[in-house]
Amino acid sequence: LLLFISLQILLHTTAHTTAAAMRVIILQTLVLAPYCCITSSFAIPIAFSQRSNGRIPALNLFFDNGDKTVADSPTKSRSGFGVDRRTIENLQNNPTIPIQFEYSDPSGSQKIIQIKQLEKDTVTDAVSLCLKEYGSYPSSITANATPFEKMVEERMSDFDNFFFTFIVLLGLGQRVERREKSDKDPSCPQDHNVLCISEIDSNQKETMFGMAEVSMQPPDPSRTSPPFVMPSYLKKVLASFYGSDSLPYISNVLITNEYRGKGFSKVLMAACEGLAKSWGYYEAYLHVDADSSSGGPAQNLYNSLGYEPVIDETYNENFTWMGSTPAMNRGLYIVDGVALLFLKKKLLSKEIQ
């Protein structure tokens with residue numbers, strides 16, 4: 001643990017490029033891998049079984065590639081299709097999970113949608129979802145590459161798929177274990193909940209098409225949620241540096257391509273916010289891609305939900321050499337070499353969005 005903390009301090013202060021950020025992630029994983037293998041031994045065989053799954057680049061997580069401006073509507077339109085507004089209200093103010101509700105598609109047919117906690121028997125479905133959507137970097141092999149170079153690239157791709165699967169599976173498995181422990185032991189705080197959204201067909205078969213996580217994290221704008229579950233006492237120690245307790249942090253909001261633009265992103269966000277309020281908190285935080293192109297749709301979504309930038313004037317002094325830029329007033333932070341916006345929302349006791 002001390003070695004891990006030392007690496008965090010050393011590497012996060014030097015990770016100013018994407019390559020450096022990748023080195024941070026790899027070294028963190030190498031340090032935590034022995035601990036994670038012990039706590040989640042079921043991850044290795046499943047990771048091997050999924051090593052051949054190809055991963056594709058994810059251009060954005062909420063909308064079709066051409067949609068850069070329109071926010072995901074959570075309510076029924078005048079034509080009568082969409083997610084009923086009362087569903088959003090119920091999730092925000094009385095998050096009884098699992099919950100099922102009807103969705104009316106443009107053709108007029110009714111579909112049954114379910115939101116529930118991630119369980120051990122659905123972890124592999126969530127891993128496949130992440131593999132499909134988050135993706136990896138495109139191949140760097142050129143047309144003139146030698147057979148040896150192509151072989152090396154193929155082997156590296158296999159290792160990349162296995163490594164990514166292993167990390168995601170391990171992290172989700174730990175989250176399920178923590179949540180189950182919290183359900184059974186009142187002394188263990190509810191600080192990790194992964195919510196899944198699925199469509200249920202006429203044969204009661206569930207098809208998972210989205211997920212989101214709400215966890216308790218130190219209010220640190222320069223860090224995102226770690227890939228592995230952090231002990232609660234360590235979170236409290238880190239949060240004390242900011243004069244605060246750990247606070248609700250929403251992350252890993254994901255909807256597959258064929259279900260985007262139908263209001264499900266806002267349904268998941270409402271469920272996460274409702275959980276945060278049920279824990280006794282009335283504010284939530286998140287990070288979003290600061291790029292106006294790749295992160296534009298997600299930024300529009302969060303802005304429509306009332307999220308506002310968390311601005312640190314002291315931190316902005318690091319960018320005074322750039323002159324006055326609008327990004328500084330949008331809550332811009334460099335996290336492991338990546339430009340992200342840190343946003344916050346006040347959760348009212350009774351609200352309809």
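Leaving aside its neighbours within four places in sequence, with which residues is Tyr307 in contact? In this predicted model, Tyr307 meets Ile250, Met269, Glu273, Ala284, Leu286, Tyr302, Leu343, Lys344 and Lys345, where contact denotes heavy atoms within 4.5 Å. The model is a prediction in which local features need pLDDT of at least 70 and side-chain atom pairs count only at pLDDT 80 or more, whereas totals for chains, interfaces and linings use all residues. Residues are numbered from 1 along each chain as its sequence is written, and side-chain values use heavy atoms, with hydrogens and water left out.

The protein chain contains ten helices and ten strands; these elements are DSSP runs numbered from the N terminus, helices (H or I) having at least four residues and strands (E) at least two. Of the 353 residues in the chain, 47% are buried, a term for a relative accessible area under 20%, with exposed meaning over 50% and partly exposed in between (1.4 Å probe, protein chains only). The accessible surface of the chain is about 17,900 Å², and carbon and sulfur atoms hold 58% of this surface; areas come from the Shrake-Rupley method with a 1.4 Å probe, and for residues only the protein chains shown count as cover. Among contacts with a separation of 6 or more, 71% are between residues 24 or more positions apart.

Tyr307 is also listed, with Ile197, Ile250, Phe264 and Tyr302, among the residues that have the most contacts inside the largest nonpolar core, which has 39 residues. Such a core is a set of buried Ala, Val, Leu, Ile, Met, Phe, Trp, Tyr and Cys residues joined through side-chain atoms within 4.5 Å. Helix H8 (residues 264-278) gives the most to this core, contributing nine residues. A second, separate core has 16 residues, including Val168, Leu169, Met211 and Leu254.

Helix H8 also packs with helix H4 (residues 85-93), the axes being 6 Å apart and at an angle of about 25°. Axes are lines fitted to C-alpha atoms, for helices over the stretch in contact, and angles run from 0 to 180 degrees between N-to-C directions. H4 and H8 are therefore roughly parallel to each other, as angles under 35 degrees are classed, with those over 145 roughly antiparallel, 65 to 115 roughly perpendicular and the rest oblique. From H4, Ile88, Leu91, Gln92 and Asn93 meet Lys266, Val267, Ala270, Ala271, Glu273, Gly274 and Lys277 of H8.

Val168, from the second core, lies in helix H6 and is buried, with a relative accessible area of 16%. Not counting residues up to four places away in sequence, Val168 touches Val127 and Cys130. The C-alpha atoms of Val168 and Leu131 are separated by 8.7 Å, the two residues being 37 residues apart along the chain. Helix H6 (residues 147-184) also holds Ser182, which counts as buried at 6% relative accessibility. Beyond its neighbours within four places in sequence, Ser182 is in contact with Cys188, Pro189 and Gln190.

Glu283 is placed in strand E7 (residues 283-289) and is buried at a relative accessible area of 15%. The side chain of Glu283 makes a polar contact of 3.2 Å with that of Lys344 and another of 3.3 Å with that of Lys346. A polar contact is a pair of N or O atoms within 3.5 Å; within protein, one must be able to donate a hydrogen and the other to accept it, and residues adjacent in sequence count only if both atoms are side-chain atoms. With residues up to four places away in sequence not counted, Glu283 touches Leu247, Pro248, Lys344, Lys345, Lys346 and Leu347.

Pro221 occupies the loop between strand E5 (206-217) and helix H7 (232-240) and is buried, at 13% relative accessibility.

Most residues other than glycine have a negative phi, and most peptide bonds are trans. The peptide bond from Ile97 to Pro98 is cis, with omega near 10°, and Pro98 lies in the loop between H4 and strand E2 (99-104). Gln204 has a positive phi of about 65°; this residue sits in the loop between strand E4 (192-200) and E5 and is exposed at 60% relative accessibility. Asn252, in strand E6 (residues 247-255), has a positive phi near 55° and is partly exposed, with a relative accessible area of 36%.
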